[in-house]
Amino acid sequence: LIADRQEGIGVCGWILISLSFLLVLITFPISIWACIKVIREYERAVVFRLGRILSKKAKGPGLVLILPCTDTFIKVDLRTVTCNIPPQEILTKDAITTQVDGVVYYRIHSAVSAVANVTDVHLATFLLAQTTLRNVLGTQSLAQLLAGREEVAHSIQAVLNSATEQWGIKVARVEIKDVRIPVAMQRAMAAEAEAAREARAKIVAAEGEMNASKALKQASVVLAESLAGLQLRYLQTLTTLAAENNSTIVFPLPINMLESFRRKNTGG
C-alpha cells in the first residue's frame, strides 16, 4: 500500500515545496521554532508532504524538520499497549456456555503501516482480539479450556499476529484471565469429582484388604509350620498389651477345643 513518496508530486507540488523552503529562509530564525519538532525516544513521526508519506520509514527520535504549509505529521507511540478483553460469552465445543475474559499485550513495530493501512489501529486490534477469542475458544471443550489455558493463549496469539502483521502490530503475549462457569455446571462438576474420589477411595481400600488378606494367609502358613513361632507371636501380643498399662491378659483358646465341647453338649 505504500509506494514511492516522491513520485507523482508534479510541477505544482515542487513549486509549493520550493515556496515553503523560501518562506523558512525569509523568516529565519523565527520560523525554525515552528519547523523543528522534538520526537521522544519511544515515539516515531510519520511525515506527510502534500498528502504523501515522506519516506518508507518513520522519523525520530530526536529533531524532525517540518516545512510549513506542505508538511503534516502524526506521532505514533511504540510502547507496549495493554488491551483488556471484557468477558465474552462463549459456547464451547461440548455445548457449555462460559464467560471468558483475557488480556492482550501488543506494540507497533512499523509506524508507517499503522498509520497508512488502518484507520484506528488500536480499535481494530481490540475488536479483532475479541473476535479471535470467541472463535478459538469455540473450538475447544470445557476440559481443554480449563486444563490448557497456555496452549489456547498461544493459538490466539498466532492468529492475531498473522492478522495484524500488515497493520504493523506485533502481539507479544496473550493471557486468559478468568473462566466463569454457570453455578449449575459447577455443582455438577463438583458432584462428579466427589463421586470419582469416592470410587478411587473404595478401589484403594479394596486393594489394601486384598493385600492384607494375602499377607495374613502367608503368615498363617508360616505359623502353622512352627509351633514355636505361634508361641512367640502370642508373647509379642502380650508385650503389646502390657505396654499400655493394661491389666487384662488374653489367653488364646484353640478352636478345636470349642468344637469338641460343642459336640459333647449336643451328644448329651
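Me: Before we start, what do buried, partly exposed and exposed stand for?
Reply: Buried means under 20% relative accessible area, exposed means over 50%, and partly exposed lies in between. Keep in mind that this is a predicted model.

Me: Why is L16 called partly exposed?
Reply: L16 has a relative accessible area of 41%. Buried would need under 20%, and exposed would need over 50%. The value 41% falls in between, so L16 is partly exposed. L16 sits in helix 1, residues 10-26.

Me: What makes L16 part of a nonpolar patch?
Reply: A patch takes residues with over 30% relative accessible area. L16, at 41%, passes that cut-off. The patch consists of V11, I15, L16, L19, L22, I26 and L50. Together they have about 660 Å² of accessible area.

Me: How do you know whether T98 is buried or exposed?
Reply: Its relative accessibility is 1%. The limit for buried is under 20%, so T98 counts as buried. T98 lies in strand 7, residues 97-108.

Me: Which residues does T98 touch, beyond four places away in sequence?
Reply: T98 touches Q88, E89, I90, T92, L142, L145 and R180.

Me: What makes V46, V104 and I156 stand out in the largest nonpolar core?
Reply: Of its 36 residues, these three touch the most other members. Helix 4 gives the largest share of this core, six residues.

Me: Which residues is I156 in contact with, leaving aside neighbours within four places in sequence?
Reply: I156 is in contact with T132, L133, V136, V174 and I176.

Me: Which residues does the second, separate core include?
Reply: That core has six residues, among them I39, V47, L54 and V64.

Conventions:
Residues numbered from 1 in each chain as written. Predicted model: local features only at pLDDT ≥ 70, side-chain atom pairs only at ≥ 80, totals over all residues. Heavy atoms only, no water. Helix = DSSP H or I, 4+ residues; strand = E, 2+ residues; numbered from the N terminus. Buried < 20%, exposed > 50% of the residue type's maximum accessible area, 1.4 Å probe, protein only. Contact = heavy atoms within 4.5 Å. Patch = residues over 30% accessible without salt bridge, like charges linked within 9 Å, V, L, I, M, F, W, Y side chains within 5 Å. Areas by Shrake-Rupley, 256 points an atom, 1.4 Å probe, with all protein chains shown as cover. Salt bridge = Lys/Arg side-chain N within 4 Å of Asp/Glu carboxyl O. Core = buried A, V, L, I, M, F, W, Y, C linked by side-chain atoms within 4.5 Å.
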